[in-house]
Amino acid sequence: FGLNGLIAYDATKTGGKIASWKDVFSGKFKDRIGKIDKSNEQVWRTALSLGYKYGPLSQEQWDAVEKKLAENMQHVRTVYAHNDQMAQLLGSGEIWIGDSDDGSYRQARAKGLAIDVAYPEEGMTAWYDGPCVVARAPHEKAAYAFINHMLSPEIQARLPKELGYAPANSKAIALLDEKTKADMDLDALVSNLDKIQFQYNL
């Protein structure tokens, strides 16, 4: 699984810690903010910043999201298609703050980019991938064996090192070396679990 709606930022440019979307759109960073070109993520970042829960929205709430997002866009320098571009823009100083997910942030840090990440006070959304077996699978036992293999602690412990994503199997934590645990900032992830709202199809 992974988190959406995180705030990646260069603390040397912002002059200190960023903790919330209120900080981002305070007016202090106008024209130094980047947003990712994903409408669903922009809607939910904005909805969470207004205190709404992940789920169906009323027309009144949709109107408030539209108004707030339009206001926020006036602070934005650029919109990027992928988080690789976010890392490039932060690295060049073109932007000081950008939308990110946790894997992209960690991959950028692993490449030497000196940026920080904020788990916004207003909350964030999370996604998860789950393997499944199709109906009438010709080799059902083999499919379940593969799923068990992918969910095993040994394989799950490779996810943080190779992709920067948190393991879904808690037994994998004991197999992680201290550097990987520190790189993953697992303590911060665990302490922010109560802010996470998992996405689902509406």
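Reply: Start with a cut-off: a residue is buried under 20% relative accessible area, exposed over 50%, and partly exposed in between (1.4 Å probe, protein chains only). The model is predicted, so local features need pLDDT of at least 70, side-chain atom pairs count only at pLDDT 80 or more, and totals for chains, interfaces and linings use all residues. Residues are numbered from 1 along each chain as its sequence is written, and side-chain values use heavy atoms, without hydrogens and water.

Me: Why is Arg136 called exposed?

Reply: Its relative accessibility is 82%. The cut-off is over 50%, so Arg136 counts as exposed.

Me: What makes Asp31 partly exposed?

Reply: Asp31 has a relative accessible area of 37%. That value lies between 20% and 50%, so the label is partly exposed.

Me: Where are these two found?

Reply: Asp31 sits in the loop between α2 (21–24) and β3 (33–36). Arg136 is in the loop between β7 and α7 (140–151). Helices (H or I, at least four residues) and strands (E, at least two) are DSSP runs, numbered from the N terminus. Asp31 is not a glycine, yet its phi is positive, about 70 degrees. Arg136, also a residue other than glycine, has a positive phi near 60 degrees.

Me: How do you know that β1 and β7 pair?

Reply: Pairing needs at least two bridges found by DSSP between two strands. Three bridges join β1 (residues 2–4) to β7 (residues 124–127), so they pair; they run antiparallel. Leu3 has Ala126 as its bridge partner in β7.

Me: What makes β7 and β8 a pair?

Reply: Three bridges again, in the parallel sense, with β8 at residues 196–198. Ala126 has Phe198 as its bridge partner in β8.
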